[in-house]
Amino acid sequence: MFEQHGKVSNTTKIWAAMVRIFSGRQPLLYSYQGSLPNLPVPAVKDTVKRYLESARLLMSDAEYERMTTLAKEFESSLGNRLQWYLKLKAMWASNYVSDWWEEYVYLRGRGPLMVNSNYYGMDFLYVTPTPIQAARAGNTLHACLLYRRKLNREEIKPVILNVPLCAAQCERIFNTTRIPGEETDSLIHWQDSEYVAVFHRGRYFRLWLYHAGRMLSPREIEHQIQHILDDPSPPVPGEAKLAALTAGDRIPWAQARKEFFSSGVNKRSLDCIEKAAFFVALDDDEQGMMGDDPAGNLDRYAKSLLHGKCYDRWFDKSFTVVLYKNGKNGLNAEHSWADAPIMAHVWEYVMTTDCFQLGYTEEGHCKGDVASSLPPPTRLTWDIPAECQERIERSLAVAQTLADDVDFHVLPIQDFGKGAIKKCKISPDAFIQIALQLAYYRNRGSFTLTYEASMTRLFREGRTETVRSCTSESCTFVRALEVPVHTLCRHLFRTAAEKHQHLYRMAMTGGGIDRHLFCLYIVSKYLGEESPFLKEVLSETWRLSTSQTPLQQVELFDFVNHPDYTTCGGGFGPVADDGYGVSYIIIGENMINLHISCKHSCPQTDSHKFGADIKKALMDLLELMSPEKPDPSRAEQNHLKNSKKDL
């Protein structure tokens, strides 16, 4: 991971060759699992040192001196004891972080999943393959089934980024539901499910996707979906907004589930939803980048996928496929069972299979015939008492307040992408992250603790680690760019980019800061020990939370011959009440899509203004690093030592 691009050592080449030999010529999805190492536990002194380095630029001298004292006390006393227990766990656990991360960060959260945890994925940006809602559903659902069949047969190619990545998270993509509990939720995964649960106009249906031992064709699924769309029956009392229970706080939902859905017809119908392969929402709205206000409609499309009407998505399911009246689609995914790249891999396959493999007739319908013996979809039945209906309304009120507060902006930046960045000989991710630092500084007049999600799937059962991308090097560069010291800016930019790449590699290879400190904190709670240092670190606010959605299966897309079939990526809600959430995807050589979120209730945040700041920052950096401009002379670089002190 730390070798220069294009300069691979002989040791690495031999190791890679051995892995491939022992994994076979055509490795299956899980072929590399046995060769993956366990996540190492960093030394306490190293983690503390890296933490203090990251915190220095965000603290005053007095604050930093105080935090240094707390850190040294922790390192020399309680830290060693906690580390001993953590190493003991690492000896028998496949991954010393992942089970605690899933439980304490996700499953024990008592606030709403909607906006706070769940995320979304969009359809093609410029193209809607068919305007017929049922037809789009037919191809989309059939493509999901094809992916699941490949998954069950382990025919999906394992992801290799120089080294193979862990595929353990793939096991719970389908047939998985989060079950609410009063203290903690639980994740339940079923071995198989041959149907999906469908929501339309306040009614719930069971739609079988297999018949007589075979998978339904896209045309047959279209026929069944159209049957649901044509069904005139009204929802029973309490049914229409039932899913609001999954959108509100977890404790009221756990209590209502236990009281009103633990027996009888309500339990049978709830079981049907929870045991479904996934959830499907048929919306009556039209969405996408369209009409007289394409930019505004794109923002509304994002909000629709993120939270909908707060009662038309089952937020507990592993994922919900959303199909709109005009043929647009998208998804909403629950976060605890896996991270976004896993679901993005599924969605890339579904989108490209839908358009390039399955296709549509000239009239926009799915291809194929319909068997006459197909049983129609069945309505789920409910008996929801008035008291339960009141609780549904209370959960809906909580969710609606949260949804209304979300300020969202989707910003496609065309004619600017990986191609232009690579000419600058800078890592694209580092380029964008430094642009985010510049944009935030211009937006708020200060720097802030910044979270960038990195993955640790180089290790068995790895999930994520934090890259603290606001560094002293990036801050020095930003300040230099904002004052007339331009001759040094190119050198400072490269230095900041190199530091970012180093931190990213450290995070990927087990040398991050935050997961180690998180686990030490959990051990301290188990032992009943209080640590002022850990308490302060774990209570820090991430006002800028960022994540890149990598395009993993580039071979499925054809941006040369089909440039309009451009994926738009996805996004998530703001992590802090006074901060921003930024998701970005680099598409081909000439496009970057940004998904920016914040809250209307904070007067200091504005997603559209921040989006404009990010775009300007990207363009300013591109102009600065244009290959035509010379690097600073040796005399200017020597002058840098004195200039840094002034900055």
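I'm working on a predicted model, where local features need pLDDT of at least 70, side-chain atom pairs count only at pLDDT 80 or more, and totals for chains, interfaces and linings use all residues. Numbering starts from 1 along each chain as its sequence is written, and side-chain values use heavy atoms, leaving out hydrogens and water.

**Sheet.** I traced an open sheet of eight strands with mixed pairing, in the order β13-β7-β6-β10-β11-β12-β1-β18. At its edges I found β13 (378-379) and β18 (570-572), each with a single partner strand, so one side of each has no neighbour in the sheet. For my own reference, strands (E, at least two residues) and helices (H or I, at least four) are DSSP runs numbered from the N terminus, and two strands pair if DSSP finds at least two bridges between them.

**β6 and β7.** I looked at β6 (residues 195-200) and β7 (residues 203-208), which pair antiparallel over six bridges. His200 sits opposite Arg203 in β7. I also saw helix α7 (residues 218-230) lying across β6, β7 and β10 (279-282), at about 160° to β7; angles run from 0 to 180 degrees between N-to-C directions, with axes fitted to C-alpha atoms, for helices over the stretch in contact (heavy atoms within 4.5 Å).

**Positive phi.** Most residues other than glycine have a negative phi. Arg201, in the loop between β6 and β7, has a positive one of about 50°. I get 52% relative accessibility for Arg201, so it counts as exposed (over 50%; buried is under 20%, partly exposed in between, 1.4 Å probe, protein chains only). Glu461 also has a positive phi, near 60°, and lies in the loop between β15 (450-455) and β16 (464-468). With a relative accessible area of 37%, Glu461 is partly exposed.
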